[in-house]
Amino acid sequence: MSEGGLKAVFLAERAMLLRLIVARLGNQAEAEDALHDMWLKLDSLAPRPVAQPAAYLYRMAANLAADRRIAAMRGHARDSAWLDVQPDADEIPDAERAMLARERWVRIEAAMAAMPERMSAALRMFRLEELPHKQIAERLGISVSGVEKLLQRAYRQIHDAGDAAGEDSGDPRRLDDEGNSS
């Protein structure tokens with residue numbers, strides 16, 4: 001059956017396809033959007049014969065609903081994780097904390113300036129530009145494993161710079177300014 005035939009079957013089965021998607025997603029508006037996406041996908045399909053067009057459309061609808069449900073769960077998990085790390089109103093940094101954060105940023109910048117060019121570039125691409133390791137590897141002309149090693153060494157240098165400055169690394173054996181164990 002051609003593309004035009006699939007659209008005809010889609011129009012004939014629209015109500016049942018909508019019910020299927022509503023049952024899977026639990027939301028009428030979301031199901032309507034999914035059905036619209038399905039129509040657009042039919043427009044972009046290359047014309048080819050389909051032996052069982054109704055079954056093809058029902059499978060397409062079920063897959064689309066599953067994809068949307070998974071994307072919604074991931075989005076919810078991502079949003080929840082983001083909200084969990086947001087400070088409460090009483091945890092907003094005061095002037096002293098802001099000053100300490102600025103000093104820490106200066107130390108991080110100094111550590112990055114002391115890094116080899118390739119290491120610093122990899123760290124900036126990963127942390128600031130949020131590029132995946134594969135793209136960083138392509139830009140630097142190295143392997144993904146090489147990018148991972150560069151980033152590990154970069155993090156180690158930043159960590160060591162913080163330790164040298166006396167930042168609290170969470171180690172209870174660290175000494176205070178007078179050399180006493182805390």
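What follows H6, and is its phi positive or negative? Let's find out in the close-up views of this predicted model.

View 1. Of the 182 residues, 25% count as buried. Among contacts with a separation of 6 or more, 53% join residues 24 or more positions apart. The accessible surface comes to about 12700 Å², and carbon and sulfur atoms hold 54% of that.

**View 2. Helix H6 has buried residues and exposed ones.** Within residues 133-140, the buried positions are Ile-136, Ala-137 and Leu-140. Looking down the axis of H6, these buried residues fall within an arc of 100 degrees, so they line one face of the helix. Lys-134, Glu-138 and Arg-139 are exposed on the other side of H6. As for its partners, the buried residues of H6 pack against helix H5 (117-127) and helix H7 (144-164).

**View 3. Gly-141 comes after H6.** Here is the reply to our opening question: the residue that follows H6 is Gly-141, and its phi is positive, near 70 degrees.

**View 4. The largest pocket has a volume of about 230 Å³.** Its lining consists of Trp-105, Ile-108, Met-112, Leu-123, Arg-124, Arg-127, Leu-128, Tyr-155 and Ile-158. Helix H4 (95-114), H5 and H7 each give two or more residues to this lining.

Methods. Residues numbered from 1 in each chain as written. Predicted model: local features only at pLDDT ≥ 70, side-chain atom pairs only at ≥ 80, totals over all residues. Heavy atoms only, no water. Buried < 20%, exposed > 50% of the residue type's maximum accessible area, 1.4 Å probe, protein only. Helix = DSSP H or I, 4+ residues; strand = E, 2+ residues; numbered from the N terminus. Arc of directions from axis to C-beta. Contact = heavy atoms within 4.5 Å. 1 Å grid on protein atoms, 1.4 Å probe; cavity = no way out; pocket = protein on both sides within 12 Å on 5 of 7 lines; lining within 4 Å. Points joined across faces, edges and corners; volume = space filled by probe spheres on them. Areas by Shrake-Rupley, 256 points an atom, 1.4 Å probe, with all protein chains shown as cover.
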